[in-house]
Amino acid sequence: MKNKTKEYISILIIAFFDFIAFIVSLYLAHQTRIFLNVFNIVQYKKPFSYYYEYFFVFFVVFFLFYYEGIYTKRYDIWEDVKKIFNSITIIVIIILSLVSITKSSLLFSRLLIFLFWLYGLVIFSFFHALSKFFLFKIKFWQKNVIICGTCSQALSFQKSLDSQHYLGYNVVAFFDQKSNTKYINDKKVIRSFIELSSEIKSSCIDTIFIISACNAKVDLTSLQTIFKNVIVIPSFDGLSIFNTKVNFNFSQKLLFIHTKNNLESIANKILKRVFDLVLVVIIFPLFLVALIFISIAIKATSKGPIFFKHERIGKNGKIIKIYKFRSMYEDAQERLKVLLENNEQLKHEWNQFFKLKNDPRITKVGNFLRKTSLDELPQIINIIKNEMSFVGPRPVVKEEVEKYYREYAKFYYMVNPGLTGLWQVSGRNDTSYDFRIKMDTWYVTNWSLWLDVIIIVKTFVVVVKKEGVY
């Protein structure tokens with residue numbers, strides 16, 4: 001089957017899944033609206049069949065999704081979710097505006113529209129991901145591509161593409177005119193321009209990724225005669241990605257890359273703080289319930305206080321006391337001193353990570369709290385006091401800043417430390433300390449509200465899977 005035919009069929013299948021998502025979202029919104037009658041909050045008795053004549057709204061959904069490139073472009077899952085969020089929100093705003101202008105509130109329930117938006121954000125994202133998974137399994141969403149370059153960065157990029165089925169890229173070969181290696185990482189290396197041309201013609205491959213780090217000079221014009229899509233992966237280590245804009249100078253035929261730090265904006269600092277406070281209001285009742293049960297468990301199984309306070313470095317280098325549920329025995333510091341004096345291996349581990357993987361000082365209840373990250377719940381108090389944020393670099397002690405962060409400490413000082421962060425959802429304790437610093441720096445320079453949302457969602461996944469936790 002030709003690639004174009006597969007693309008058209010893929011669009012229809014994804015749209016069909018979106019139509020199911022539309023019906024499910026509308027149905028759940030309707031049922032919730034009916035359910036509210038039980039509490040006499042609102043009186044609502046319209047049957048679901050009443051909404052069949054309003055299914056035209058789905059065509060608006062389809063148009064906006066298509067306009068955003070959701071059906072035709074290969075975004076990663078988080079970019080897709082963001083565009084779905086934007087599209088559904090625009091649709092709801094349009095409907096509410098029409099209801100207000102035409103005074104047709106008797107035909108359209110504002111509460112039902114709000115509920116549709118609330119359910120739609122989750123259900124459209126779920127069904128969209130389900131459609132991509134289905135298409136990948138039947139090999140309709142797989143797009144064969146070539147990578148230009150054979151250095152370590154090219155290999156890492158290939159592994160990244162192969163692991164992201166949502167994107168649907170399948171690396172079939174590497175292209176390097178200078179390489180004498182016939183195979184690299186189980187992928188064939190194409191070593192000449194003529195061989196590349198014949199390979200493409202026989203396999204209908206129309207996309208190539210150029211890894212700048214592997215190629216000092218690449219003839220883009222020649223590659224554009226072979227490939228329909230030439231995608232350049234630049235090598236700008238440390239450059240902000242989310243806050244970067246590209247401008248073009250026509251007279252000089254040059255690209256200008258402009259980047260900025262969003263967290264230097266006062267408006268963005270206020271936005272981040274408001275986001276924290278909204279989350280506090282949402283989860284505070286659950287926090288109080290957890291506080292009662294965890295406090296009883298701690299007091300019933302070991303001597304000592306319920307909470308543990310420890311000095312850490314906060315924003316602008318200010319010393320703060322962070323709160324945790326006590327997860328160690330009361331004499332933990334004395335036990336640590338004895339352990340490090342008598343075991344060189346543990347001493348080396350402590351000096352490297354400031355933690356011990358199998359720490360004998362941890363109580364049974366504390367072990368459970370750490371594995372589920374519930375020991376860090378009291379840091380909500382720090383968030384309320386504006387000493388911490390839900391998302392940010394992990395709070396560290398002074399010695400860590402001086403020993404490891406060094407010149408990167410200025411990025412750490414720019415924001416409140418976080419209850420969770422990019423490091424925690426990128427391997428956590430299975431990574432090196434240098435990697436942790438890079439993640440903290442990358443987070444600060446690339447901050448956006450959407451990035452905070454992504455990290456919070458991924459944190460739940462990491463905690464459930466118990467990845468990198470000890």
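Tutor: Helices here are DSSP runs of H or I with at least four residues, strands are runs of E with at least two, and both are numbered from the N terminus. The model is predicted. The protein chain has 16 helices and twelve strands, and 45% of its 470 residues count as buried.

The helix to look at is H5, residues 152-163. Its twelve residues should span 16 Å at 1.5 Å a residue, and its end C-alpha atoms are 17 Å apart, which agrees. Which residues of H5 are buried? They are Ala-154, Phe-157, Gln-158 and Leu-161. Viewed down the axis of H5, these buried residues fall within an arc of 105°, so they line one face of the helix. An α-helix has 3.6 residues a turn, so residues three or four places apart point the same way. On the face of H5 turned away from the buried side, Lys-159 and Ser-163 are exposed. The cover over the buried residues of H5 includes strands S1 (143-148), S2 (169-175), S4 (187-190), S5 (207-211) and S6 (229-233).

Lys-139 is not a glycine, yet its phi is positive, about 65°. As for Phe-140, Lys-6 lies over the face of its ring, at 5.7 Å from the ring centre.

The largest nonpolar core has 36 residues, and Phe-22, Phe-65, Ile-88, Phe-116 and Phe-124 have the most contacts inside it. Helices H1 (3-35), H2 (57-67), H3 (77-102) and H4 (110-137) are the elements that give two or more residues to this core. H4 gives the most, with eleven residues. Neighbours within four places in sequence aside, Phe-124 is in contact with Asp-18, Ala-21, Phe-22, Ser-25, Val-61, Phe-65, Ile-84, Ile-88 and Phe-116. A second, separate core has 33 residues, among them Leu-263, Val-280, Phe-411 and Leu-419.

Ring pairs link Phe-19, Phe-22, Phe-58, Phe-59 and Phe-116 into a cluster, and the whole structure holds 21 aromatic pairs. Lys-83 lies over the face of Tyr-75, at 4.9 Å from the ring centre.

Arg-406 follows H13 and has a positive phi, near 45°.

Ser-373 also has a positive phi, near 65°, and is not a glycine. Ser-373 is found in the loop between helix H11 (364-371) and helix H12 (379-384). Is Ser-373 buried or exposed? Its relative accessible area is 17%, and the cut-off for buried is under 20%, so Ser-373 counts as buried.

Over the chain, 66% of the contacts between residues at least 6 apart in sequence join residues at least 24 apart.

Methods
Residues numbered from 1 in each chain as written. Predicted model: local features only at pLDDT ≥ 70, side-chain atom pairs only at ≥ 80, totals over all residues. Heavy atoms only, no water. Expected span 1.5 Å × (residues − 1). Buried < 20%, exposed > 50% of the residue type's maximum accessible area, 1.4 Å probe, protein only. Arc of directions from axis to C-beta. Contact = heavy atoms within 4.5 Å. Phe/Tyr/Trp six-rings, centres within 6.5 Å; stacked < 30°, edge-to-face > 60°. Lys NZ or Arg CZ within 6 Å of the ring centre and 35° of its normal. Core = buried A, V, L, I, M, F, W, Y, C linked by side-chain atoms within 4.5 Å.
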